[in-house]
Amino acid sequence: MRRWWKFVVLSLATLLILPVVRAGAADTVNVYSIWTENWGRQLFPEFEKATGIKLNFVRFSSGEALVRLIAEKNNPRVDVLFGGPVETHAAGITEGIFEPYKPPSFGVLPARFKHPDGQWVAIADNPLVFLSNTKFLKEHNLKPPTSWDDLLNPAYKNMLQMADARTSGMAVTRLFSILEVFGRDEAKAFDYMKKKRRNVQLYTKSGVGGVLPVAMGQAAAGTFFIVDCLDVQEKGYDVTISTPREGSGSAGEAIALIKGAKNPEVGKKLIDWATSPAMQSLFAKYKINFIPTHPDVKIAPSLTEVLKDAKIFPIDLDYAGANRKRIVERWVNEVLNLKE
Amino acid sequence: MRGWGAGEDQPLIRLGDSMNAATAWLAEWRRTLRDPALSITVLVLWALLGLFILFPLVKLSAWTFVDGGHFTLANLQAIFQDPNHRQAFWNSLLLAALVGLCGTTLGFLYAFTAVRTNLSRAWITILDAASLLPLISPPFTTAIATILSFGPRGLITYHILGIKGFTIYGLYSTLFSETLTYFPIAYLTLKPILAAIDPNVEDMAFSLGSSRWRVFRTVTLPLTIPGLANAFLLLFAASLADFATPLILAGNNFPVLPTQAYLQITGLFDMKGGAVLSFVLLVPALVVYLLQRYWVSRRYYVTVTGKVGAQTTIKSVAPWARSPLLGACLLVAAGILYFYVLLFYTSVVVALGANHAWTWQHYQVVFTAGLRAIHDTLIIAGAGMPLGGLYGILVGYLVAKKIFPGRQAMEIVSMINYSLPGTIVGIAYLMAFNDPPLVLTGTAFIIVACYVFRYSPTGIRATVALLQQIDPSIEEASEGLGAGSRTTFRRITIPLILPAFFAGLGVVFIRSMTAISATIFLVSINWTLITVRILEDMTTLDLGSAAAFSVLVVVIVFVVIALISGLLRRFRAHGAVEITSILGG
């Protein structure tokens, strides 16, 4: 039987040789990016060119990135969390994973684009809009929705897709937009959402989840962030983007320094760059359809076109923070689980 | 000489009958200690199991159930007060049982047709290839293809059948998609077992005047029971742990636990809640395992004996029944093939549903920006493959053939990571190996370890099922003729369990190329995977690149599996069981 422990020893030896650690140097910044790989591949080389610092990144959805940061708290693997809705960062503050830092642009940013202590700083703004399938609109003789009430039209029965408030920051932004539209009258707002429920085919797990179904006609319309809507339109899908005349909310996309980061100095340089006009003017260059947060940067023409009649209001972060849990629970009980 | 199906007990159980439990236990210890090779192997395996299965699990449970130094069930209570979660628990059980049932049936149909209807090699190759496709495709492929075909604007439901407003989300579509994805596991488990049933056994029944149906019912089917039970167990556990399919297809009215756990963690950032939901999944997995074990161990299934009769032709299926059987298999194969044609089509048009102009641009992305992911994935899968195969037969052999203390515990522990949802295994690994003493996060090693310990149970189960069929008297005869235990192991046991080794190794390779749920938490700045890129492309609405990556994965795995099958044919010892190939081709 000596044969098998030879096997075992051999396999153990293989196991031990395997872990080849590709170590990072001090002039390298490591990043979890919530912004997509495509954007990262366009934007980050510009940072490397401007500063001479090498940037390694891996992309995760906001939830996955946050969970990793929490699990790695005692031994952080990255220096910066790049992108992701402010909501994610708010949850991160509770877990104590960020190191406050105020970049040079901190002073000129509007108050809603920064955490007062510098736990996070917003680098882009992302309003909610309506996206509809143009073919569906034509077939049903519908005009693109321009009011929240238009989504109650029975023509949309079982054909709307939008995000689930339990899992998507976008959905939470939508709930607070609706509350704002109804003057924070919860009874009226929930009455509206319950009426809309019967038109909803699916509440998707991620905010972006419904965009492609609408583009491909699996669903007719939905409420989404403008960046994803313009993205799918540029891919060639026949979709119409419209905005509600009552107004809609928008969510900031933020950046934060990780507490205990191995290379905090280069991490700070990345935050300096991301909050500067130099980075935010790249949005237009690479057709990344965010609204810049830095007041000196102009909005890209593709965005101004869509948003020319739009009424965008900021979500009140204090109000949202204080009521989020309760509102989401109420939404689950009264809207999501509504039995007819 | 023991015969087949003689209702005799296994030696272990006889041992238990004749002595009282305590002395038996002591005897086990003595026996184990007398055999240093055995005790060293057992110790090493326990060390590995402890480190890569129990340690992460304990770390995660401590985190879930200990609050401020005290044990608490508050988290468990909080989760189960939510009617949504209770509903999800029952839904998960229902779905897993149905997938187990449908998948095993379909797998049996395939295996039976492949080995019992005298098909020509070409047909068998077609069946093998078709059943391999779902197994080797990246997650989401079947689910996405299901939506594209049967969704509200699906190719079939809307464009061909003209049904409007069809709702696809729910139990049936999830069941359909999971059955298609997982039935090949049943096929792989059942095929060698059916092949190993000597046609002479059936012949005897025929010569005694039995009808074909009676032979099938009273000889063939009962002899396949260990395989059927194993297949059901594997499918049940796979479905129970699958989160990708329900994530896309289950919709809002059919929540299942793995999806709820994933959402609890990544949506509500509630890792404790997610962990609790996942721990709950262990209970049904364990129950089914014990049932299966109890049911199978009460019978005796030796069909591979030392006595080789004259080779006989297989007569178990009437000539008229061949065509319907083959037809049914081909129908399923056509369905599967259609899905993959759709996948390929998606990868060569600019944007499916908008612009159907022919293009190679998605493959250009794959071979430029995706090159690193391909490179990393191949290294990781290549490293995991031999380790997984070896680990699978070692554990399988020990558990099925050797008597040592903690044997049953080893079998159960080796199954744990397979039956937990990947998300939770990934997070447990992340939490266990991020801090000293053992820092593995950021290395390729943690991903390899995760794959080996999560996906080897197929190899283990295949080894156990094969060994249960082999008459111990073959080994006894070898030793009686003067061969040492080493020679016996090398000349008898190894050739007999070689198919299981290759099955185990093949599955680990396939899973390393295609799995995502656990490793999404283990990829790092240094090591990334193709599947992560696929998920990424799906979230950025880039169906074309996602499809191109998927096609690439399918092609790589097909090539590797074909190579393994070739190897298997070369290595097969003369006179060994006629198993053409456990992996197809």
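Colleague: How many residues of chain B are in contact with chain A?

Modeller: The model is a predicted one. Counting contacts between the two chains, chain A contributes 60 residues, and the number from chain B is 62.

Colleague: Which element of chain B gives the most to the side that touches chain A?

Modeller: Several elements each supply at least two residues of this side, among them α14 (257-266), β3 (349-351), α18 (371-401) and α24 (485-514) of chain B. The greatest contribution is five residues, and it comes from α3(B).

Colleague: How many nonpolar residues are on the side of chain B that touches chain A?

Modeller: By class, this side of chain B has six charged and 20 polar residues. The nonpolar residues on it number 36.

Colleague: What separation lies between the centres of domain 1 and domain 2 of chain A?

Modeller: Chain A is divided into domain 1 (24-125 + 252-299) and domain 2 (127-250 + 309-336). The contact between them takes 11 residues from domain 1 and 13 residues from domain 2 of chain A. Taken over C-alpha atoms, the centres of the two domains are separated by 27 Å.

Colleague: Which helix gives the most to the side of domain 1 of chain A that touches domain 2 of chain A?

Modeller: The residues of that side of domain 1 divide into three nonpolar, four polar and four charged. With three residues, the element of chain A that gives the most to this side is helix α4 (residues 86-95).

Colleague: Which residues does A:Val80 touch, beyond those up to four places away in sequence?

Modeller: In the largest nonpolar core, of 285 residues, A:Val80 is one of the six that touch the most other members, together with A:Val211, A:Ile255, B:Leu235, B:Ile427 and B:Cys450. This core draws at least three residues from each of domain 1 and domain 2 of chain A. Leaving aside residues up to four places away in sequence, A:Val80 touches A:Val29, A:Val31, A:Ile255, A:Leu257, A:Ile258, A:Gly267, A:Leu270 and A:Ile271.

Colleague: Is B:Leu180 buried or exposed?

Modeller: B:Leu180 is found in helix α9 (residues 171-196) of chain B. Not counting residues up to four places away in sequence, B:Leu180 touches B:Pro134, B:Thr142 and B:Ile336. The threshold for burial is 20 or more other C-beta atoms within 10 Å. Because B:Leu180 has 24 C-beta neighbours inside 10 Å, this residue counts as buried.

Colleague: What distance separates the C-alpha atoms of B:Leu180 and B:Ala143?

Modeller: Along the chain, B:Leu180 and B:Ala143 are 37 residues apart.

Conventions: Residues are numbered from 1 along each chain as its sequence is written. Chains are lettered from A and ligands numbered from 1 in the order in which they are written. This is a predicted model: local features need pLDDT of at least 70, side-chain atom pairs count only at pLDDT 80 or more; totals for chains, interfaces and linings use all residues. A nonpolar core is a set of buried Ala, Val, Leu, Ile, Met, Phe, Trp, Tyr and Cys residues joined through C-beta atoms within 7 Å. A residue is buried if 20 or more other C-beta atoms lie within 10 Å of its own, exposed if 12 or fewer, and partly exposed in between; C-beta atoms are placed from the backbone. Domain bounds come from an automatic or database domain assignment. Two residues are in contact if their C-beta atoms, placed from the backbone, lie within 7 Å. Helices (H or I, at least four residues) and strands (E, at least two) are DSSP runs, numbered from the N terminus. Ala, Val, Leu, Ile, Met, Phe, Trp, Tyr, Cys and Pro count as nonpolar, Asp, Glu, Lys and Arg as charged, and the others, Gly among them, as polar.
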